[in-house]
Amino acid sequence: MSILAVSNLAAGYGAIGVLRDVGFDIAQGEILGILGHNGMGKSTLLKALSGAILPSAGAILFAGADIAQEPPHRRARRGLGYVPQGRQIFPGLTVRENMAFAARASGAPLVIVDEMIARFPRLQPIVDRAGGVLSGGEQQILALARCLCAKPSLILLDEPTEGIQPSIRDEIVETLLTLRRELGLSILLVEQNLKFMTDLADRVLHMEKGRLAFAAPPEAAA
Amino acid sequence: MDYAIIVLLQVVVTIANLALISAGLAVIFGMMRIINMAHGEFLMLGGYAALVSHQAGLNLWLSIFVVAPLVVGLVGAVIERLVIRRLYGRMIDTMLATWGVSLALVGLITVIFGNTVAGVSPPLGSLEIGAYAIGRYELLVAGVSALLFAAGWWVLARTPVGLIARAAMQNRDMAAALGVDPARVYAATFVTGAAISGLAGALIAPIAGVAPTIGAAYIAKTFITVISGGAAILAGTLSAAGLLGAVNAAFSFLTGPVLGEVALLACAVLLLRLLPQGVTGRFFRRSL
């Protein structure tokens, strides 16, 4: 059963169209990767799915409901998680506060913050540090842990390995695979790191000039 | 010795008053980046709300602590819904729009109450220290100001509402992507700022009186205080009010109130020349 079904999606910025006739679906527990060069529309696709920009046409069915015209906060409360490019950590909040905010905002119990800190041991010694002073890798882990504190059923991950060291990359792969196995988490992953993609994705779609060009198993994409 | 105590108390009262009348503006500007040109009129409305309800027979304390913040909070809710909500993220437009609101409120109140000064005597009498005296009500207002800032710190630092407000202030889009409706947070912030201004206006009405144009007397001082404070809403407003209020009070004692105001403005110019990001741009950076 699909947790996300996208059909005929078109979106862009003002009069500038970026996505055209995009359609795909993601099954419960599936990790779908989207590959493509810079400027092909990968991040725009995730923004349209998260609600950061509203599509000009098409349908986005999430858990059976059409969310195409819903604002971002409603989509988040339905269980759609988003980890944007650049992490977007709240710089003046501590690590724990960043995560507590996500739990509060989504109505999840606060105990999930401690659960996530336990899942990401790298966060344990820095829970009281401000988000703005963390390294890129620490911020990436925090962004992911924060997203998970909202108990999403699908995560949109935009370039999670950008600017982080290999050991953190491996830690993220490990944790995401564990969460998929334990919770049936689905992931839509936009990435240019082929190793990360092949380690994680069940299936890969290739994006060119705002359209999904072809699908391939991860090994073929590599 | 008695004189020194009185001077010290007067300095404390001046600082507290400056912080109090700036608090609502600090909330709205600091959290929403909205330059609310109607801030002085929110103070004025608070004064009138307390005065009218007291003259209608309501207890003075209820008029000040309940009616004034409620009335001005309600006015703030209407203005946010009709004007501000459509202009979020457009600083110049919100400045012009709230300037228009300011002029409209002055005109409306002038039509209703006339262009005269009204007031009520400060209650509680005076506290005598040797040959000198200071109004007990002024000391109460200083205490309320301190309590207000302490409560503001507690809400922002220790409650879920404060956490959500701080996050939405730092990154509105990410807060929305995690499940918070930023429009509701901003509306609540604007109403809270308006209600605080209403309370401040009501508290100072027995000391300063109230007139339709009295907002103009406050707006410059409050803006200077908030801007001089820098990014941290509470620590910035308090530190700037402390510095500017102390200079104002000291020069007022030495030379009279007019030169006291001049000294306050000169101090603010010097402060912003030396610390363009305000006091909390250099000191207390991690404060709220």
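A nonpolar core is taken here as a set of buried Ala, Val, Leu, Ile, Met, Phe, Trp, Tyr and Cys residues joined through C-beta atoms within 7 Å. A residue is buried if 20 or more other C-beta atoms lie within 10 Å of its own, exposed if 12 or fewer, and partly exposed in between, with C-beta atoms placed from the backbone.

**Entry 1. Ground rules**

I am working on a predicted model, in which local features need pLDDT of at least 70, side-chain atom pairs count only at pLDDT 80 or more, and totals for chains, interfaces and linings use all residues. Residues are numbered from 1 along each chain as its sequence is written, while chains are lettered from A and ligands numbered from 1 in the order in which they are written. For helices (H or I, at least four residues) and strands (E, at least two) I use DSSP runs, numbered from the N terminus.

**Entry 2. Core**

I looked up the largest nonpolar core and found 159 residues in it. The residues with the most contacts inside this core are Phe101(A), Ala145(A), Leu189(A) and Leu178(B). Helix α1 of chain B, residues 2-32, gives the most to the core, with 16 residues.

I then took Phe101(A) by itself, counting two residues as in contact if their C-beta atoms, placed from the backbone, lie within 7 Å. Neighbours within four places in sequence aside, Phe101(A) contacts Phe90(A) and Leu93(A) in chain A, and Leu163(B), Ile164(B), Ala167(B) and Leu178(B) in chain B.

**Entry 3. Chain A against chain B**

I noted 22 residues from chain A and 16 residues from chain B in the contact. On the side of chain A that touches chain B, α2 (72-78) and α3 (95-106) each supply at least two residues. Helix α3(A) gives the most to that side, with 7 residues. By class I have 14 nonpolar, 5 polar and 3 charged residues on the chain A side. For these classes, Ala, Val, Leu, Ile, Met, Phe, Trp, Tyr, Cys and Pro count as nonpolar, Asp, Glu, Lys and Arg as charged, and the others, Gly among them, as polar.

**Entry 4. Helix pairs in chain B**

For the axes I use lines fitted to C-alpha atoms, for helices over the stretch in contact, with angles from 0 to 180 degrees between N-to-C directions. Angles under 35 degrees count as roughly parallel, over 145 as roughly antiparallel, 65 to 115 as roughly perpendicular and the rest as oblique.

I started with helix α2 (residues 39-55) and helix α3 (residues 60-82) of chain B, whose axes come within 8 Å and cross at roughly 135°. The pair α2(B) and α3(B) is therefore oblique. The crossing of α2(B) past α3(B) is right-handed; a crossing is left-handed if the near helix is turned anticlockwise from the far one by less than a right angle, and right-handed if clockwise. Residues in the contact include Phe42(B), Leu45(B) and Ala49(B) of α2(B), and Ile64(B), Val67(B) and Val71(B) of α3(B). The contact has 11 nonpolar, 5 polar and no charged residues.

Next I took helix α6 (residues 160-170) and helix α8 (residues 182-208) of chain B, which pack at about 110° with their axes 10 Å apart. That angle makes α6(B) roughly perpendicular to α8(B). Ile164(B), Ala165(B) and Ala168(B) of α6(B) meet Pro182(B), Val185(B) and Thr189(B) of α8(B). I count 5 nonpolar, 1 polar and no charged residues there.

I have the crossing of α9(B) past α11(B) as left-handed. Lys221(B), Ile224(B) and Ser228(B) of α9(B) face a set in α11(B) that includes Leu264(B), Leu265(B) and Ala268(B). The classes are 6 nonpolar, 1 polar and 1 charged.

**Entry 5. Single residues**

I checked two non-glycine residues with positive phi. Asn8(A), in strand β1 (residues 2-13) of chain A, has a phi of about 50°. Asn8(A) is exposed, with 12 other C-beta atoms within 10 Å. Leu124(B) has a phi near 80° and lies in the loop between α4 (91-113) and β1 of chain B. Leu124(B) is also exposed, with 12 other C-beta atoms within 10 Å.

I ended with Ser126(B) in strand β1 (residues 126-129) of chain B. Ser126(B) is partly exposed, with 14 other C-beta atoms within 10 Å. Beyond four places in sequence, Ser126(B) touches Ala133(B), Ile134(B), Gly135(B) and Arg136(B).
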